Amino acid sequence: MKDPVRDAVQDAVQDAGGREPGGPLGVAVVGAGYWGPNLVRNFQSSPRFRLRWLCDLDVDRARQVLGGYSTVQATSDYAAVLADPAVEAVAVATPAGTHLDVALAALRAGKHVLVEKPLAATYEDGLRLVAEAEERGLTLMCDHTYCYTPAVARIREMVRSGELGEIQFVDSVRINLGLVQKDIDVLWDLAPHDLSILDFILPDHVQPVAVAAHGADPIGAGQSCVAYLTLQLNTGAIAHVHVNWLSPTKVRTTMVGGSKRTLVWDDLNPAQRVAVFDRGVDLSAPQEIGADERRDMLVSYRTGDMVAPAIGEKEALRSMVEEFADAIGTRRPALTDGRAGLRVLDILEAASRSLEFRGAVVGLRTGR
């Protein structure tokens, strides 16, 4: 049965630009290019959000993304979007060089902000965004999409629970043919995925402290098309990332080696995305070795079973959107918050400096 008083109150709240307590959050997407339509689709399908605006310099493109029957407003006027009190959050899907200006304006307008990777074009720009969000008590989240795949969520659980033991090495390969970018090298194009995954899965007490990078431009593209990063971890372990635009085959694999088990993630194998091997090297402790044998460390090889854990299927962006809503609602940092984006930027900038100095080891400045 309708309640005229309740309905009148609800209408008054909505007319004032507010929402019912616990109702969907008003959100605007900025950028209708490559990634923006994916955000539009996921915000529209989430009951936690109500998409109110799609903002792009090309209004016709924004209208095309929304379709002919959408009630979402398309505009090129970003100021109008920020002036709308019904907009509580802004998702930024514009080129990285614009992230500072677009995201900073949203934060200063009192909006929670989601930013596509990388968080900003430079570490200093990213630091400004993090400081602004923290000062205003707003959520700043970086869309490190791979971190929200069911496979990576499971890997994080296994690593952080100690199921693999102490992490000894991480090896990641992300290679394919193209697309060669005009404005950034292969390091900035592909490595953010692997670096964000590494940051996401490592326990809090394990973190990179230095990086060395080597790259090559064999086709004369003007920037590195092949690159190798080697990260030193504070525990003495090592992480390696290989990115390549020139490979005739597409490979997306990550290996996480632990003292107990080793995990292999093949993102291109839907039948067995994750495999855990009870195989490795065992080293006898010195106190377990006789006095006459201590000069020769005893190494034994463990050959056990391989287990393929059941991994569910769920769109990563849907999980990311839910995390954004949860972080806003509970006022806690998102799993991939601004500081996570900052740590990735720190590594990327240090790797770029290492490339300039032909693979010199460059220290990192951020901690967890």
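Reader: Let us begin with Asp346: is this residue buried or exposed?
Author: Asp346 has a relative accessibility of 0%. The cut-offs are under 20% relative accessible area for buried, over 50% for exposed and in between for partly exposed (1.4 Å probe, protein chains only). That makes Asp346 buried.

Reader: Before we go on, which atoms do the side-chain values use?
Author: This is a predicted model, where local features need pLDDT of at least 70 and side-chain atom pairs count only at pLDDT 80 or more, while totals for chains, interfaces and linings use all residues. Residues are numbered from 1 along each chain as its sequence is written, hydrogens and water are left out, and the side-chain values use heavy atoms.

Reader: Thanks! Which residue meets the side chain of Asp346 in a salt bridge?
Author: A salt bridge here is a side-chain nitrogen of Lys or Arg within 4 Å of a carboxyl oxygen of Asp or Glu. The N to O distance in this pair is 3.2 Å. Asp346 is the acidic partner, and the other is Arg365.

Reader: How many residues apart are Arg365 and Asp346?
Author: Asp346 sits in helix α10 (residues 338-356), whereas Arg365 comes in the segment after β15 (362-363). Helices (H or I, at least four residues) and strands (E, at least two) are DSSP runs, numbered from the N terminus. Arg365 is partly exposed, at 43% relative accessible area. The pair links distant parts of the chain, with a separation of 19 residues.

Reader: And how many salt bridges does the structure hold?
Author: Side chains of opposite charge can pair when their charged atoms come close. The pair of Arg365 and Asp346 is one example. For the structure, the count is 17.

Reader: In helix α9, what separates Glu322 and Arg318 along the helix?
Author: Their side chains form a salt bridge of 3.7 Å, N to O. Glu322 is partly exposed at 25% relative accessibility, and Arg318 is partly exposed at 25%. The two are 4 residues apart in α9 (residues 316-330), so the separation is about one helical turn.

Reader: Now to helix α5: why is this helix called largely enclosed by the rest of the structure?
Author: Helix α5 covers residues 99-108. The residues in question are His99, Leu100, Val102, Ala103, Leu104, Ala106 and Leu107. Helix α5 is largely enclosed because its buried residues number 7 of the 10.

Reader: What do the buried residues of α5 pack against?
Author: Contact means heavy atoms within 4.5 Å. Just after this helix, Gly110 takes a positive phi of about 85°. The buried residues of α5 pack against β1 (25-30), α4 (78-83), β4 (89-92), β5 and α6.

Reader: What is the omega of the peptide bond from Lys117 to Pro118?
Author: Most residues other than glycine have a negative phi, and most peptide bonds are trans. Pro118 is in the loop between β5 (112-116) and α6. The bond from Lys117 to Pro118 is cis, with omega near -10°.

Reader: Which residues does the cis bond with omega of about -10° join in the case of Leu179?
Author: Leu179 lies in the loop between β7 (167-177) and α8. The cis peptide bond there joins Gly178 and Leu179.
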